[in-house]
Amino acid sequence: MGELADRLQRPGSVALALPRLALPYLQVAEALAALGAPASRTALAGLLGAADGQGARGLDAALAVLADHALVWPDGTGMLRMAAPLRQAWDSPLGLDAPLAELLAGMASDELRGMLVALGVKPPATKQQRLAALVDHHSDPERIAAAVAQAPAATRKLLERRASSAPRWPGLIMFGTPEAGPEPGARWALERGLLVRHRHGYGPARMPAEVALALRGPDWHAPFEPVSPVAPSVSVSTAEVDREAAAAATAFAAQAASVLAACATSPPARLKSGGVGARELGRIGKTAQCDDAVVRITLETAYAAGLLARDGDHVAATEAYDAWAEREPAERLPVLLQAWRTLPLTPSQARDEDGKALPALAGTPPCDGCVQARHGLLSAAAQFPAGRGVKSAPDLGPLVAWYRPLAHQLPQDETPFATVIRETELLGALARGALSAIGGALPANDVEQLTAACRRLLPQATGTARIGADFTAVVTGTPAARLTTLLDSVADRETSGTASVWRFSAGTIRRALDAGRAPDDITADLAAIAIGPLPQPLSYLITDTARGHGRVRIAPAACVIHGEEPGLLAELTAHRKLAKLGLRQLAPTVLVSRSPLDKTLAALRAEGYAPVAETADGTVRIEQTQRRRATALVPTPRPAGGEPRPLNSGSRRDVRAPAAVDLRALAARLRAAPPTAPEPDPYNGVPFDSDTEEIIAGYAHRLSLADVRQLAHAINEGQAVTIDYVATSGSRTVRTLSRLGLDPPYLHAWCHLRNDERVFTLSRVQGVMPA
């Protein structure tokens, strides 16, 4: 199914329904495509080995599903037909080439006659009759087997090898240059239509599908698995599933709230290449006390749900987050679950195929196979009856591959779909190998049903805390938004999950006082949420911290005014025309000004005062007038003889007459002088054509001179260009850029792949091509 999965990613590929079909339905469609519709149900059943019993029932069920999707249907003559785009989904279904009639469509009549004669069949008169006779002959496997039995040994060996392998498609055909020569034994097969040459003589010979099927023998059947794999199951009660699912969902809801609260308080910075990097993910995880997988899932789902958005170089919370944070946990979680169900990626994937770390919110291309992996897992788990669950969660992997054969598997998963299974367990949709009420509501995409399931499993938010004498506050369950805001402002969170712990200290109380909270207000707010009276040590801590708070104050000032006469300084403070300076009296002989020193000095002098300025060490600044002098003129050249001319009697300057110049000699010297060339590239000695080239070459060390010139030309002329670029994760991509702006060592441009403004590091550019 890898070929089909790749083709479905191409623009204009078939049916959106195909990725959602289970394995037997795709197998039936591929077999019908190999036969070349229209085909009879008998021929299809014979190819699949589903003539009777369970196979026949599975075939009928598959044809019914394909008919419901308008992909395959029976016509009035009892033949099965298929949608034209469906046949194009496979280049070589079942490893077979096109049918004989299609391969011989452009063959000349004389060539068809020769094939019939070689096979011992009397050729009819017309071309269409000859083609029909060849197709009729090759449709009988026994006739083909008899013909091959008479072939030379080299031909039989060639035909057997070609029948068991997929057709070879030429990677590149040079027009006018046919293939070097036929393979050994191919001529005998070409003369009888067992192999067919391209009508223009290009590429390898092709084997018709009828010939390949006949040579594979009557015992060969196309793969067909009408029944899903059997996974070991165990008995599990609904109460056990709900209990474990409730614990997981409650923990995730609390951790997700902590992650988003951390993002709202301190928005994570985005990398220049896009996304939130490992350093910011680690900071958020440390603040929220949760692991990397929870942070990634929360960020991706919250971004998809509109709770987070890009804000310049950061990812910040939106107004929708404020409304979300005020809700109960049972109303918060469905928002993230719905986003997770349709998320076009695997959010907890931390590394790419090369093992390089991946940023979160990187804007990767959508992956429909990732969506199908989640849907396949939910479908597989839903097949177990009530009271039964899979014995081990990894046993669900083969079931997912059967229900969604085009689902995407991560290369680092040790068992199939291990990452998706782990995400489903973290969210509480899967517990003890069975679907919980949350998991059962997800496929229906019913918000009310999902919210009802969350309300049944998740407890209400806790509005109280147990405050101990050891300066800790313990909250069981999910803390309410008001409680979280209060405790985060006066204490540091140590753990989160089913029980959250905050710790008070002098530093945390001081932080609340710095935010403008009064000591009595802090005590009253904590007493309102505490179970029982506040411990005496905490009350003492608040009082002692408040007593020392603000004993030293720092005022902003651009300059300081001081003097020995308090009355004079009081006069300056009350002067109306000096109000614009923002003067403030700190002591009888000290004023501070919000205006710079020079501006304050000029304003005081303009009002008739006589202040002096001081240097940083307290000494009086000496103000000297700077004398302006012109630059000295270049001396007049001496005459040819080397002696200066005499001074004019009435002049104070040495005025000399210009010497005679030989214009012919000067022109000859100018023509003989070497031309002035731009500074050459020190690596290859080739001069740069512009400053832009020289700047790019200084940073993009991996580019050749031709690539440097092409990139510089695109920047100078405002043209689009395509670059080969290595991202910070180490993955190599090809990007088409326009609206280029050079800001060494970076290149600002509009990326057509991401449809957004992006910044590229010049040293990571590997090659440049025309757009």
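H13 makes a right-handed crossing as it passes H14. Keep in mind that this is a predicted model.

**The H13–H14 crossing**
- The axes of H13 (residues 238-265) and H14 (residues 278-288) come within 9 Å, crossing at roughly 120°.
- That makes the two helices oblique to each other.
- On the H13 side, Ser 258, Val 259, Ala 262 and Cys 263 make the contact, and H14 answers with Ile 284, Thr 287 and Ala 288.
- Sorted by class, the contact of H13 with H14 comes out as five nonpolar, two polar and no charged residues.

**The cores**
- The largest nonpolar core has 51 residues, and Leu 299 and Ile 438 touch the most other members.
- Another core, of 50 residues, lies apart from it; Ala 31, Ala 62, Leu 159 and Val 211 are among its members.

**Leu 299 up close**
- Leaving out residues up to four places away in sequence, Leu 299 touches Val 259, Cys 263, Leu 281, Ile 284, Leu 308, Ala 360 and Leu 361.
- Of those, Val 259 and Cys 263 of H13 and Ile 284 of H14 also take part in the helix contact.

**Over at Ala 382**
- Ala 382 sits in H18 (residues 368-382) and counts as partly exposed, at 46% relative accessibility.
- Its C-alpha atom is separated by 6.5 Å from that of Leu 435, 53 residues apart along the chain.

Note on methods: Residues numbered from 1 in each chain as written. Predicted model: local features only at pLDDT ≥ 70, side-chain atom pairs only at ≥ 80, totals over all residues. Heavy atoms only, no water. Helix = DSSP H or I, 4+ residues; strand = E, 2+ residues; numbered from the N terminus. Buried < 20%, exposed > 50% of the residue type's maximum accessible area, 1.4 Å probe, protein only. Axes fitted to C-alpha atoms, helices over the stretch in contact; angles between N-to-C directions. Parallel < 35°, antiparallel > 145°, perpendicular 65-115°, else oblique. Left-handed = near helix turned anticlockwise from the far one by under 90°. Contact = heavy atoms within 4.5 Å. Nonpolar A, V, L, I, M, F, W, Y, C, P; charged D, E, K, R; others polar. Core = buried A, V, L, I, M, F, W, Y, C linked by side-chain atoms within 4.5 Å.
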